[in-house]
Amino acid sequence: MQFGIFSVGDVTTDPTTGRTPTEHERIKAMVAIALKAEEVGLDVFATGEHHNPPFVPSSPTTMLGYIAARTERLQLSTATTLITTNDPVKIAEDFAMLQHLADGRVDLMLGRGNTGPVYPWFGQDIRQGIPLAIENYALLHKLWREDVVDWEGRFRTPLQGFTSTPRPLDGVPPFVWHGSIRSPEIAEQAAYYGDGFFANNIFWPKEHFMRLISLYRQRYAHYGHGTPEQAVVGLGGQVFMRKNSQDAVREFRPYFDVAPVYGHGPSLEEFMAETPLTVGSPQQVIDRTLEFREFFGDYQRQLFLMDHAGLPLKTVLEQLDLLGEEVVPVLRKEFAKDRPADVPDAPTHASLLAAKNAAKNAVEDAPEAPVGA
């Protein structure tokens, strides 16, 4: 099981000081957070993609390429890559290039995006979000698996004899997670291709995501990829920790109360009761995260949101120390207990390459049919 962090890259005023970081400071802070994630033993760093203020990560592959050059082990991902407003050809090229530069330490999470004004900036209509996601991914999937592509669809010009370059590293495309907060169509899409499903469950009650994940697992099995328990699931979550839970609540409350994504609605206590937000001690974070398996089954990736709501970089780095030293080691041990042997690990380039080679060898070793059979 993989543990990591994801960043949405928001530029938010610190309510306790009134200071707003510059875009330059925020971009550099995201890099520092990724480097810290590797230092404390986390597995994954994922960046969002946004093209509107107050967010900065408009070019995830640029940032991840820079981080790849400064890390050795960290898996690099997105949260999310906009499959609706990006050209699938450009996604295929950019992430294959990043895959080569990072020696395979790359996957990506695809999502529709829910910011209406962004769609026309890239020549699209948010009312076509689901059809765009379905068609664009069908093309992306094809581009990474066929050397020469002929294709025609509704939303872009046709392709004739097209080859996306560079080709995926070792002939193995980056693993794809399909991220969703609310759409059963995306769970169905992930199941159809045998890809991963990332339920970004940070805002809604668990019952909603239990339904989405159950649908994905059932349809994954329906399409012949394995049992429902073998489906590949990722979850979000957001935490703020101090050694003493009362100190955590006291320190985080002013950030929660005015944060653009939280504030002016339910209280901190109400929000914690209804969503995965956990503000408290490391042990409380451990206990809350372990509950996820009771609701969603065994899963493969847990990403935490930690650098949001205007929290200063120094505080976020302190949070990562607690996560890496006191929380994740316990979670690794506890999640490994009683984990069925047939539940797969989180996919990596190495595991996907091994599976490809095993399938190739199985075909080559199969006995030939008798003449005349």
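Q: Where does Pro-166 lie, and what kind of peptide bond joins Thr-165 and Pro-166?
A: Pro-166 lies in the loop between strand E7 (159-162) and E8, where strands (E, at least two residues) and helices (H or I, at least four) are DSSP runs numbered from the N terminus. The bond that joins Thr-165 and Pro-166 is cis, with omega about -5°. The model is predicted, with local features needing pLDDT of at least 70 and side-chain atom pairs counting only at pLDDT 80 or more, while totals for chains, interfaces and linings use all residues. Residues are numbered from 1 along each chain as its sequence is written, and side-chain values use heavy atoms, with hydrogens and water left out.

Q: Which other peptide bond is cis, and where is Thr-80?
A: The bond from Ala-79 to Thr-80 is cis, with omega near 15°, and Thr-80 has its place in the loop between E3 and E4.

Q: What is the phi value of Asp-103, and where is this residue?
A: Phi of Asp-103 is near 55°, a positive value in a residue other than glycine. Asp-103 belongs to the loop between helix H3 (88-101) and E5.

Q: Why are helices H1 and H2 called oblique to each other?
A: The axes of H1 (residues 23-39) and H2 (residues 60-70) come within 10 Å and cross at roughly 40°. Angles under 35 degrees count as roughly parallel, over 145 as roughly antiparallel, 65 to 115 as roughly perpendicular and the rest as oblique, and H1 and H2 are therefore oblique to each other. In this contact (heavy atoms within 4.5 Å), Ile-27, Lys-28, Met-30, Val-31, Ala-34 and Leu-35 in H1 meet Met-63, Tyr-66, Ile-67 and Arg-70 in H2. These contact residues divide into 8 nonpolar, no polar and 2 charged.

Q: What makes H6 roughly parallel to H7?
A: The axes of H6 (residues 184-193) and H7 come within 8 Å and cross at roughly 30°. That angle falls within the parallel class, so H6 is roughly parallel to H7. Pro-184, Ala-187, Glu-188, Ala-190 and Ala-191 in H6 meet Leu-212, Leu-215, Tyr-216, Arg-219 and Tyr-220 in H7.

Q: Why is the pair of Phe-197 and Tyr-216 called tilted?
A: Rings of Phe, Tyr and Trp (its six-membered ring) pair if their centres lie within 6.5 Å, and planes under 30 degrees apart count as stacked, over 60 as edge-to-face and the rest as tilted. The centres of the rings of Phe-197 and Tyr-216 are 5.4 Å apart and their planes stand at 35°, so the pair is tilted. The pair links distant parts of the chain, with Phe-197 in strand E9 (residues 196-199) and Tyr-216 in helix H7 (residues 206-222), 19 residues apart. A search of the whole structure finds 12 aromatic pairs.

Q: How do you know that strands E5 and E8 pair?
A: Two strands pair if DSSP finds at least two bridges between them. Strand E5 (residues 107-111) is joined to strand E8 (residues 175-180) by 4 bridges, and the two run parallel; Met-109 stands opposite Trp-177 in E8.

Q: What makes E3 and E4 the edge strands of the sheet?
A: The open sheet has 9 strands in the order E3-E2-E1-E13-E10-E9-E8-E5-E4, with parallel pairing. Strand E3 (75-78) and strand E4 (81-82) are its edges, since each pairs on one side only.

Note on methods. Axes fitted to C-alpha atoms, helices over the stretch in contact; angles between N-to-C directions. Nonpolar A, V, L, I, M, F, W, Y, C, P; charged D, E, K, R; others polar.
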